[in-house]
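Have a look at it first, then go through the notes.

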Amino acid sequence: MTLFHFLNCALLTFGPHAVYYTATPLSEYDTIGTCVKAAIVYLGTALVKLICLATFLEVSDSDSFNPYQELLKALIGFIDVAGLYFALTQLTHRNISQNHKFQAVGLGWAFADSVLHRLVPLWVGARGLEFTWEYIFQGIEANADLVLNLSLAAIGSLMWLRRNKPKTLIPIIYACAGILATMPSIISYLRRALGWQPPKLVAFELSSSLVMAIISWQLFSACHRPA
Amino acid sequence: MVMSLTTYSILVLVLVLAVCVELGDAATAVDAYRLIQYDLDGAPYGSRLAALNHFAGVAPFASGVDLSRTAVILPLRDLNFTLLHEFITGKQQLGGLLFLLPQDTDNARKDTGPIRTILSKLEHLLIHANLPYPVYFAHEDDKINEVLPDVQRGDGTGQPASATTGGLELMTHSFKLVVSTSEPKKLSSPTITNIQGWLPGLKGDGTSQLPTIAVVASYDTFGAAPELSVGSDSNGSGVVVLLEIARLFSRLYSNPNTRGRYNLLFGLTSGGPYNYDGTMKWLRNFDQRIRESIEFAICLNSVGSWDNELWLHVSKPPENVYIRQVYESLADVAKELDVTIGIKHKKINISNSRVAWEHEQFSRVRVTALTLSELSVAPELLHNTGGLSDSRDSVDDTAIQKSIKLVAESLGRHIYGYHGRNVQIFADNSSLALNPFYVKSWLDLLSQTPRVAPFLSKNDAIVSALKKELADHTDEVNVYHETIDGMFTFYDSTRSTLSIYQVTSVGFDFVMLAIIGLYLIVLFTVLVIATRGFDELLLMIRRPPTRKSKAA
């Protein structure tokens, strides 16, 4: 039953976001407003990115890796970071702690990202008779993306919201931020230039996001350690 | 409350949209040609259904297995005729049948002989069988060849593994063959088109009617797959010989000095496989005087793949003056070409509606006629009509050239009175030599054009092409449209797209659901423990519903 398959994949893609919201104290403090605002900021960022891509990028028919184009795409990816900065600092949130703020923003950001990039392909593709593993992989990717976005939000909040950081950790923080921001470019490089197959790619995404999450968690707790 | 109403209606709309399963893109989609469906005197034959939506299965099957929901794929390379006989004679109900024709590559061309025998045997079997399920032909290509081993690896019937079988088997996919097309409809009054060309001879001083010689060939075909019935030998060869003879004589007749004292009538008739129905109707329409002026008619039927023996089939006894004259002039030329012509006499039985040779229709209206053919025995109804096995490589160009030389030379000597004289009218390297390129190009064209008469419209491309060609060579061309005899009824839907989908069983989906559900539960537990502590988790489990509504 193909509708069944669609439901399975949708659950895999969007379930974790709902689970994260209900499982953590986010639901207790009713931070849904922050999530929604972050999602809207993501939408705006996506539009800006789209316009920049349309203006500066050339359309090529082949699926090969063009270093110049990829560099341009990576630079445009930094607009993402700018959007996240805007969401974290500029928006007025209810009185919620730092801890929960970055989580809520990260969650809203990741949810909007998933919906925009994955819902329509899922709707159109997974309901057909033909079975492919593609949408299951897409769901696992969505999970990895969630973790990645949370880490980025954490690092972001460290960079912009926290004033007194231990001096030694600052370069590491910025390095992590750089890696997280360029992660999409790295993945596309692996897919196009090295020709990695989906299972390998997804495994890499999962492992890298977990590693980055642990690193950023350590950094976060290190910065919040009472002096 | 208002909120919940709108969300409810949106949910319903989404569900309704979702349930309309679109078939979407298949991994493989190929052209499929349906077995012909026809009624003969009310009795149904051929494949009676067109739409197909079943799981694919490949032989060998376990004995006693139910195949009524399986589309059986039979590659033609190693066709198991006993199995097919079982299916057909045992009237076993199948979901569908798909024959895979070998690829048309250069490698395949080398071993066409055995494939052709398989094809003709298959065709004989299928057109006389009544199959109440869809039967399709498709060409093998790389995509299908990839799919076949996977289908075989299943349990033969193609049914997806149930959820209760072992874990690995859940991962095997089964394949569904889908042809989505509407129910086949009867073709109401299908037309057959006869084309005739008239080349008048040189009238003397008197106003008496000149005698006429007719050269006739039927150009339509009949086969198991109408879209693949190109009939290169039956009767593309006859058509090409007729066209070349018309071209040669038009050169002679264009100059009044060399115009013979015979009219020449060229007839391209349709309806050949159906007891030469078209020929009969064409003759019935003739003006009495013209019909009476026909001295004799030569009908051409399959002259493209013979070595050194041709047959002349007659219905009047061979001792008849005209028959003997024609036979002797043909035999003279044949001797020069180093081939032999045999003569076969078959009396007409008026009460029998079967017309095996085209000349019999002429004989029934008292016109002397004979058929020149490589076949020594009269073909059965709907046999030797240019079906699946009759493709371009079943025709030999040199055989056609010999036929042309034979007929043209003997006609020429008869018209100009050169009997017994050692004169070659259409000598090689003369301006009247036969043109091998002309022959080849027309043969190539005809070998790429399926010509089953009920599916040819009145102004089909090939009909117009033949008409134009005859118009180039003759003075007056007429086209006559008739309807096919009531004995035959045909049905449409001869060509569709076959899609092959890879599908999984419902069990697979349930297992996926279980895995994903488990993953989400584990995720939930881990997050609760990590962020709120273990005690919170226990609290949640003890009082789940009330706590949630309070938090919202």
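This is a predicted model: local features need pLDDT of at least 70, side-chain atom pairs count only at pLDDT 80 or more; totals for chains, interfaces and linings use all residues.

Residues are numbered from 1 along each chain as its sequence is written, chains are lettered from A and ligands numbered from 1 in written order, and side-chain values use heavy atoms, leaving out hydrogens and water.

**Domains of chain B**
- Chain B is split into domain 1 (2–185 + 494–510) and domain 2 (191–483), with bounds from an automatic or database domain assignment.
- For the contact (heavy atoms within 4.5 Å), domain 1 of chain B brings 20 residues and domain 2 of chain B brings 16.
- Taken over C-alpha atoms, the centres of these two domains sit 43 Å apart.

**Across the domain interface**
- One salt bridge turns up between domain 1 and domain 2 of chain B, by the rule of a Lys or Arg side-chain nitrogen within 4 Å of an Asp or Glu carboxyl oxygen.

**Largest cavity**
- Its lining has 19 residues, with B:Gly272, B:Tyr276, B:Asn301, B:Asn384 and B:Thr385 nearest the centre; a cavity is a set of points on a 1 Å grid over the protein atoms alone where a 1.4 Å probe fits but cannot get out, and lining residues have an atom within 4 Å of a point.

Definitions and conventions. On a 1 Å grid over the protein atoms alone, a cavity is a set of points where a 1.4 Å probe fits but cannot get out, and a pocket is an open set with protein on both sides within 12 Å along at least five of seven lines; lining residues have an atom within 4 Å of a point.
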